[in-house]
Amino acid sequence: MASKPRTVEEIFKDFRARRNAIIRALTHDVDEFYGLCDPGKDNLCLYGHPNGAWEVALPSEEVPPELPEPALGINFARDDLSRKDWLSLVAVHSDSWLLAVAFYLGTRLNHNERKRLFGLINALSTVFQVATGNKPIKEKLTMDSGSKSDVSIDGAMMKGEPIKIFCGSCGGKYTGDELWIGCDICEWWYHGRCVMINPAKADTLKRYKCPACSLRRSRSKTEDNEMGISDSDEPCFMADKITR
């Protein structure tokens, strides 16, 4: 049996694969998913697996289960609600399950690692936002000195509120008075100073790959291909650089 994800990187990769699978079930494969959720069957759950596949199946018979279980009996409400409302309900419960699994796997993480994990997860749109089309339009993140304009990360508007993003290198919380840059591969955010990027260099970059991804990209690409996961499977935003 493969070992469970332990590090922040491993847990986030597991989260994204499961999330991508569920999003695929609720969008691209929605007709197939809808057909499998027959209200006449026993309690069914929607699972997203770390290999990027989704499955409608009975809950685990193991007590307690190896991992937190998804919402039970999603099929029973299928014909009692409109298709749109039912899919929205499944999406909301799926978001809750994905978070439960991620933080169950991360139970041994320390304080800064938990902050980093949540920052990574929070930079992605929720399953609900993607599945229902409620994901706001992404705006370029530009932090001008003294600017009071709205700022968005992954399209989530922050009107005068602090942006809850943490540096993937030092764990420091986002502030608007420093240069920050987002990796287009892992979607982690970094202080420019932590990854040796200054404003002049940031302005020349169309895409940015952090040092960690530069080292592990070739290895992880091979692994992702074996699992059937590709960058194109990710329907959500890829981080833009923040400039002062």
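Where do Arg18 and Asp14 lie, and how many residues apart are they? Both sit in helix α1, which covers residues 8–26, and they are 4 residues apart, or about one turn of the helix. Arg18 and Asp14 form a salt bridge, with the closest N and O atoms 2.6 Å apart. The count of salt bridges comes to 4. In general, side chains of opposite charge can pair when their charged atoms come close.

The model is a predicted one, so a word on confidence is in order. Mean pLDDT for the protein chain is 77, with 74% of the residues at 70 or more. Two stretches call for some care. Over residues 136–163 the pLDDT stays under 50, and the model has 48 contacts there beyond four places in sequence. Residues 229–244 likewise stay under 50 in pLDDT, and for this stretch the model has 65 contacts beyond four places in sequence.

Back to α1, and to its packing with helices α3 and α4. Helix α3 takes in residues 83–105, and helix α4 takes in residues 111–122. The pairing of α1 with α3 shows an angle of about 165°, and the axes are 10 Å apart. An angle over 145° counts as roughly antiparallel, and α1 and α3 are therefore roughly antiparallel to each other. The way α1 passes α3 is a right-handed crossing. On the α1 side, the contact draws on Ile11, Asp14, Phe15, Arg18, Arg19, Ile22 and Leu26. On the α3 side, the residues include Leu87, Val90, Ala91, Ser94, Trp97 and Leu98, and also Leu99, Val101, Ala102 and Leu105. Sorted by class, the contact of α1 with α3 has 13 nonpolar residues, 1 polar and 3 charged.

The axes of α1 and α4 come within 10 Å and cross at roughly 25°, which makes α1 roughly parallel to α4. This crossing, too, is right-handed. Here Val8, Glu9, Ile11, Phe12 and Phe15 of α1 meet Glu113, Arg116, Leu117, Leu120 and Ile121 of α4. The contact of α1 with α4 holds 7 nonpolar and 3 charged residues, and no polar ones.

From α3, Leu99, Ala102 and Phe103 meet Arg114, Leu117, Phe118 and Ile121 of α4. In class terms, the contact of α3 with α4 comes to 6 nonpolar residues and 1 charged, with no polar ones.

Val63 and Pro64 are joined by a cis peptide bond, with omega about -10°. Pro64 belongs to the loop between β2 (54–57) and α3. The other detail is at Met196, which has a positive phi of about 60° although it is not a glycine. Met196 is found in the loop between β6 (189–191) and α6 (199–202).

Conventions: Residues numbered from 1 in each chain as written. Predicted model: local features only at pLDDT ≥ 70, side-chain atom pairs only at ≥ 80, totals over all residues. Heavy atoms only, no water. pLDDT = per-residue confidence, 0-100. Contact = heavy atoms within 4.5 Å. Axes fitted to C-alpha atoms, helices over the stretch in contact; angles between N-to-C directions. Helix = DSSP H or I, 4+ residues; strand = E, 2+ residues; numbered from the N terminus. Nonpolar A, V, L, I, M, F, W, Y, C, P; charged D, E, K, R; others polar. Salt bridge = Lys/Arg side-chain N within 4 Å of Asp/Glu carboxyl O. Parallel < 35°, antiparallel > 145°, perpendicular 65-115°, else oblique. Left-handed = near helix turned anticlockwise from the far one by under 90°.
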